[in-house]
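Please read it beside the coordinates.

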Amino acid sequence: MRAFLYGVSLQWKLDIRSKTLLITCYIVPLLFFVIMSGIFTSVMPEVRYTLIQSMTVFGVTMGALIGLPPSLVEIYSSDIKKVYKANGVPLCLGLALSNISAYIHLFIMSIILYIVAPLAFHVQIPENPSMYFIGLAIFIAVSLSIASIIGLAVKDQAKTSMFSIIIFLPSIMLSGIMFPIDLLPKAFETIGTLFPASWGYKLMTERVFKFENLLPLLLIFVLAIVMCNILLRRIDK
């Protein structure tokens, strides 16, 4: 219990001083939402029905892939790892607390979008709010699991940012949130299905539950957990 409380205290201090977390989980997603929502609703009025889901997918993907990995690199590629070991804190606790912290921030950002979008741009809220929030909860968890792999596998901050952007860009461009997925070449459409953003968008826009949209996210999540476990064991050696 003492080790757990110490880990929570350390994570809290890291979050407070983390400018990356503030920028990627709040400032950039909300700024993108304000600018692009005005453009989208003017050029494509039909986007009003899915604007909340589109902006949420962008915000969650950015906050997870670009915001979380640097925090993990800071923990596992610095003296913080030694502090964890010296105080008897399991290394996996750093990963867990970082994910929980990022999860909370991303969920708060998503709620802000959900509340502000109808008021500012007169867009339609999801027809099935419970389905939307269930899909959102799952999508955030899967996105963070992918981000965790990057943060654990890459030990250099510069390289971490590079790998994050390499995954972030196709995740957004091939997810269907910028333009209909049907307009993409078949090969690009297939590549898009490899990323959580594509399935998260489908899950949050559906009126009724469809297991075929949930299954790929579950598979990605399980594989990511296995990879994180392998990477943690290597770090612990």
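1. In this predicted model, Y114 has a relative accessibility of 14% and therefore counts as buried, the limit for that class being under 20%. F133, with a relative accessible area of 25%, is partly exposed.

2. The rings of Y114 and F133 form a tilted aromatic pair, with 4.9 Å from centre to centre and 55 degrees between the planes. Because Y114 belongs to helix α5 and F133 to helix α6 (residues 129–153), the pair ties together parts that are 19 residues apart in sequence. Both rings also belong to a cluster in which ring pairs link Y103, F107, Y114, Y132 and F133.

3. The whole structure holds eight aromatic pairs, and one of them is the edge-to-face pair of F58 and F168, at 5.8 Å centre to centre and with 70 degrees between the planes. This pair links distant parts of the chain, since F58 sits in helix α3 and F168 in helix α7 (residues 157–173), 110 residues apart; F58 and F168 are both buried.

4. Helix α3 (residues 51–76) packs on α5 at an angle of about 155 degrees, the axes being 9 Å apart, which means that α3 is roughly antiparallel to α5. Their contact comprises 20 nonpolar, seven polar and no charged residues, and the crossing is right-handed.

5. Helix α5 (residues 91–121) also packs against helix α10 (residues 211–236), at about 135 degrees and with axes 10 Å apart, so α5 is oblique to α10. This crossing is right-handed, and the contact is made by L91, C92 and L95 of α5 with C228, L232, I235 and D236 of α10; by class, six of these residues are nonpolar, none is polar and one is charged.

Methods: Residues numbered from 1 in each chain as written. Predicted model: local features only at pLDDT ≥ 70, side-chain atom pairs only at ≥ 80, totals over all residues. Heavy atoms only, no water. Axes fitted to C-alpha atoms, helices over the stretch in contact; angles between N-to-C directions. Helix = DSSP H or I, 4+ residues; strand = E, 2+ residues; numbered from the N terminus. Parallel < 35°, antiparallel > 145°, perpendicular 65-115°, else oblique. Left-handed = near helix turned anticlockwise from the far one by under 90°. Contact = heavy atoms within 4.5 Å. Nonpolar A, V, L, I, M, F, W, Y, C, P; charged D, E, K, R; others polar. Phe/Tyr/Trp six-rings, centres within 6.5 Å; stacked < 30°, edge-to-face > 60°. Buried < 20%, exposed > 50% of the residue type's maximum accessible area, 1.4 Å probe, protein only.
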